[in-house]
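Try each one before reading its solution.

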Amino acid sequence: MRFATSLILAGFIAIGLAPFRAFGDANIEILRERVLANGLEPAAPVAQISRLGQVGARVFKAEALSLNGDVSCQQCHLEEFGSGDGIPISVGVSGIGKGAERVNSAYRFLSRNSLPLWGRGDRDFPTFFWDGRVDVTSGFLVSQFGEEPPSSDPLVVAVHLPPVETVEMLEFDRVVDRYRTETVDGARELYQAITENLGKKDPEVIRDLAKEIGRPEEEVQFIHVAQSLTAFIRERFAVRETRLHRFAFHGEPLNEQELRGGMIFFGKGRCAVCHSGPHFSDFAFHTVPFPQLGQGRNGFGIDYGRFNITHDPADLYKFRTPPLWDVTDTAPYGHSGSVATLADAIRAHFDPLSFVDLDSMDALQRHEYYKYLMASEENLLRISYLDDLEIEALVSFLRMLDQPTDQ
C-alpha cells in the first residue's frame, strides 16, 4: 500500500512538472534575463594578494589586535563557515577554538551573529553591520565617528570598530576603564594603545607595515593597520566567479531544480524585491520576524536593530538585508543566528509563527514579539506561501552563489 501511494505521488509530481519542462528553454532565457536585470555583474579575475594585503592577512590572524584579550579577526571569520563563525551568536574574548568549541568555552557572548566578508570591499557595498552603523548610501559617510571619520573609505572605518568593542575584542578590566570617555580623542588613545600592543607582541608585522607605507616604525598608527586589514579583506574576499555567473554570462547549463528555484526567486517568492543588485541585497532595512536568541543588543532578549542607530521608531526591529554570496555555507541565519538551516530562514519570511511557542514565552517576550510581527506586516503581506518543494528548489538555486574554495 505504501509503495502504491509513493507511485501515485510520484505521478502527480511528474504531471505537475510537465508544463515546467515543456517551457524549459524559454524559462532558461527568462531566468538569465532576470538575473542580469537584477544587477549581477561579471566577477573580476582572481588577483594575487598585494604586499599591503599580505601584511593585513597577518593582522587578521593576530591576537595582539585584541588589546587585553587573545582573540583575532580570523576566529570569527573562518573560510569553512563561509567567512562567518558557524555559531548563532559570536564569541569574542572569552572563547577558545572554533565553532561549537567557542560556545562551550565562552562565558560571555556578543549579541549578534557574525557576518561574512564576501564582497565587503567592493565599490558598490555601501552599508556595514546588521544595523548599518557604517553607511554611505546617502553620499555621506555616517558612522560612530560623527564628523571625524578616520577615512573616507567605509570599509576602513568599519574595521576600526571590532577592536574597540568590549566583549568582542576588548575584555572588561582596568586597562579598558582608562579609555571609557566616549569621545573621538579617547578612541584615538585606545587605538594607539592597540597599535603599540601589536608592535610589542608582533613586531615583525609593524616592521613590514612600516616598509609598505614608507614610514619609520614609530610613526605607524592604527589607521595604517586598518588600511592593511582593508586591503586583505578587499582582495581575499572579492566576489569570485560562481555557477550563477557562468550560467548568466557563459551559458553554463543548470538542472531542473535550480531553474525552478530561480523562477521562484524572481517570481512567486518575490525574493528579488529585497535581494537585488550585484550583491543580492538592496542594503535597506527590513523586519523579518526571526526568533530572538540570547540577550539581544538591548538586553532582556530584545534587539531593536536599526533603531539603535537612528532612534527613529519606524526603524524598530529592522536589520539590513543580508547579501547572499556563499549563503549556503553561512548558517545559522538571522541577526541572532536563531535559525539553523537555509530552508527555515526562507520559511521565516512567510510563516514566522512556525518557530514560536507562545506558551513558553513570558509576558515581556510575547509583548515584544507582537510588536515584532506588526513591524514585519508589510513584508508578510506581500510574500507568498511556499511549500517544502518550492523551498528546496530555492535552496538549490541559492547554492549557485557559493564561492569557490580552491582559489
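**Exercise 1.** Find the closest cysteine sulfur to that of Cys76 and decide whether the two form a bond.

*Solution.* Keep in mind that this is a predicted model.
- Step one: the closest cysteine sulfur belongs to Cys73, and the gap is 8.7 Å.
- Step two: a disulfide needs the two sulfur atoms within 2.5 Å, so Cys76 and Cys73 are too far apart for a bond.
- Step three: run the check on Cys274.
- Step four: the count for the model comes to zero disulfides.

**Exercise 2.** Are Cys76 and Cys274 buried or exposed?

*Solution.* The cut-off for buried is under 20% relative accessible area.
- Cys76 has 12% relative accessibility, so it counts as buried.
- Cys274 comes out at 14%, so it counts as buried too.

**Exercise 3.** Place Arg207 in the secondary structure, then classify its accessibility.

*Solution.* 
- Arg207 sits in helix 8, which covers residues 203-213.
- Its relative accessibility is 33%.
- For a spatial check, take Glu217: it is 10 residues from Arg207 in sequence, and their C-alpha atoms are 5.9 Å apart.

**Exercise 4.** How many cavities of 30 Å³ or more are there, and what lines them?

*Solution.* Rolling a probe the size of a water molecule over the atoms shows where empty space is left.
- The count is two cavities.
- The largest cavity holds about 830 Å³. It is lined by 48 residues, with His275, Phe290, Pro322, Leu324 and His349 closest to its centre.
- Sorting that lining by class gives 30 nonpolar, 13 polar and five charged residues.
- Helix 13 (342-347) is among the elements that supply at least two lining residues, and with three it has the largest share.
- The second largest cavity comes to about 60 Å³. Its lining includes Glu79, Trp118, Arg236 and Asp326, and splits into two nonpolar, four polar and three charged residues.

**Exercise 5.** Describe the second largest pocket by volume, lining and residue class.

*Solution.* 
- Volume: about 330 Å³.
- Lining: 16 residues, with Pro291, Gln292, Gly301, Met361 and Tyr369 nearest the pocket's centre.
- Class: nine nonpolar, four polar and three charged.

Definitions and conventions. Residues are numbered from 1 along each chain as its sequence is written. This is a predicted model: local features need pLDDT of at least 70, side-chain atom pairs count only at pLDDT 80 or more; totals for chains, interfaces and linings use all residues. Side-chain values use heavy atoms; hydrogens and water are left out. On a 1 Å grid over the protein atoms alone, a cavity is a set of points where a 1.4 Å probe fits but cannot get out, and a pocket is an open set with protein on both sides within 12 Å along at least five of seven lines; lining residues have an atom within 4 Å of a point. Grid points are joined across faces, edges and corners, and a volume is the space filled by probe spheres set on the points. Ala, Val, Leu, Ile, Met, Phe, Trp, Tyr, Cys and Pro count as nonpolar, Asp, Glu, Lys and Arg as charged, and the others, Gly among them, as polar. Helices (H or I, at least four residues) and strands (E, at least two) are DSSP runs, numbered from the N terminus. Buried means under 20% relative accessible area, exposed over 50%, partly exposed in between (1.4 Å probe, protein chains only).
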